[in-house]
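Here is a short tour for someone meeting this structure for the first time. Have a look at the sequence and the model, then read on.

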Amino acid sequence: MRLGLSARLRDVDPLGRLGLVSHWRRPPRLFDLRRLRWINAGTHGVIRSNRAHPARLTGDGRVIYGVWKWDDVVEGSQARIFDGMRVVDLRRETSHVVTGVDAPARNTAVTASEDIFYYVTDSERVTIATGETSYAVDPLPRRVIQAAHIDATRRLLAATSWSEVALHRIVDETLERVSYLKTEQQGDIEWVAVAGPWVAYAVRRFGTATVIEVRRLGGDLVIGDVVHRHAGSKLHAASLSRDGRYLAAAFDDRLLVHELATDTVTFFTEHTDKINLVRFAGDDHVLISADTDNRVVLRPRTETGYARPLIAIDVPDAGIELPPQDAPVAPR
């Protein structure tokens with residue numbers, strides 16, 4: 001489907017129901033990915049497409065974004081001060097601010113289960129927020145944290161720095177390291193994910209060149225040897241399915257989908273411009289990808305992998321109401 005001139009899909013909630021779409025000169029809008037319609041509900045005006053710290057959607061109809069304010073400093077000058085993370089319930093139109101946290105620097109995300117919000121802070125730690133509380137942890141002391149990922153089901157935190165990957169258990173707001181790796185590939189590790197028996201990460205080398213490595217986790221969660229490796233141009237987006245069966249990675253306008261257990265690789269070429277978002281949604285029942293040419297592709301999961309899209313959808317201009325949280329899911 002095409003979302004219209006200047007529209008880009010910026011985020012998808014973990015259940016694959018709602019999408020947050022930015023526009024060049026208009027406020028962001030919500031899109032229903034199940035009914036393939038625009039949603040009339042507003043995004044509270046204060047949400048803006050912040051490319052450095054984009055808003056994130058949760059699976060229960062909330063949106064989370066950073067709040068900054070201008071504050072007086074020395075000699076009457078002003079500075080932009082981080083004022084916490086605002087959590088908005090889109091259905092009830094209520095909100096609260098999670099305070100006492102550091103400003104986000106990169107890698108803002110919501111877990112696929114339990115709706116735990118986390119991000120790498122500008123003080124090189126990882127902030128984890130649940131409900132109205134938050135806390136910060138330091139997975140790689142005295143290192144620049146480049147990426148992080150939380151497996152909420154197993155309470156695991158993966159974090160990376162230059163040529164380093166560390167895996168921790170989250171225990172009562174503290175970390176217990178279970179595995180550490182110094183990679184042979186030298187460079188910034190800009191993406192990491194852990195799911196099922198795998199840990200995957202992307203190393204940026206030689207400017208825009210990227211190498212993705214996939215390693216198997218042992219029964220004690222020790223990171224093993226490289227099992228799969230992919231090399232390409234600059235990586236724009238990647239995702240590891242919740243069950244750890246599939247890896248999806250976007251290199252420019254090509255999407256690579258790798259079934260890890262069988263070592264089957266498929267390339268999808270339906271996009272017409274750089275892919276900016278890749279996401280396995282729900283219980284991995286659909287793979288969603290979006291590009292900078294306002295195109296969104298939904299690929300349902302079948303017994304033999306993710307299907308190639310066959311139907312082009314025109315999105316009507318007329319909007320619909322935001323569905324209730326317990327609304328039944330329409331069959332695909």
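Is His23 buried or exposed? His23 is buried, as its relative accessible area is 10% (buried means under 20% relative accessible area, exposed over 50%, partly exposed in between, with a 1.4 Å probe and protein chains only).

Before going further, a word on the ground rules. This is a predicted model, where local features need pLDDT of at least 70, side-chain atom pairs count only at pLDDT 80 or more, and totals for chains, interfaces and linings use all residues. Residues are numbered from 1 along each chain as its sequence is written, and side-chain values use heavy atoms, with hydrogens and water left out.

**Around His23**

You'll find His23 in the loop between β2 (18–22) and β3 (29–32); strands (E, at least two residues) and helices (H or I, at least four) are DSSP runs, numbered from the N terminus. Setting aside residues up to four places away in sequence, His23 touches Leu5, Ser6, Ala7, Arg29 and Trp38, where contact means heavy atoms within 4.5 Å.

Elsewhere, Arg299 has its charged end over the ring of Phe268, 4.7 Å from the ring centre.

**Rings that pair up**

Rings of Phe, Tyr and Trp (its six-membered ring) pair if their centres lie within 6.5 Å; planes under 30 degrees apart count as stacked, over 60 as edge-to-face and the rest as tilted. The count comes to 5 aromatic pairs, including these two:

| Pair | Centre to centre | Between planes | Type |
|---|---|---|---|
| Phe31 and Trp38 | 5.1 Å | 80 degrees | edge-to-face |
| Phe280 and Tyr306 | 5.5 Å | 55 degrees | tilted |

Why is strand β19 described as largely enclosed by the rest of the structure? Because 7 of the 9 residues of β19 (residues 209–217) are buried.

β19 runs antiparallel to strand β18 (residues 198–205), joined by 8 bridges; two strands pair if DSSP finds at least two bridges between them. Here Ala200 stands opposite Val214 in β19. The hairpin of β18 and β19 has 3 residues between the strands, and Phe206 takes a positive phi near 55 degrees there.

β19 also pairs with strand β20 (residues 223–232) in the antiparallel sense, over 7 bridges. Glu213 stands opposite Arg229 in β20. In this hairpin, with 5 residues between the strands, Leu221 takes a positive phi near 70 degrees.

**An exposed loop residue**

Finally, Thr153 is in the loop between β13 (147–151) and β14 (156–161). Thr153 is exposed, at a relative accessible area of 58%. Leaving aside neighbours within four places in sequence, Thr153 is in contact with Ser113 and Glu114.

Definitions and conventions. A charge sits over a ring if NZ of Lys or CZ of Arg is within 6 Å of the ring centre and within 35 degrees of the ring normal.
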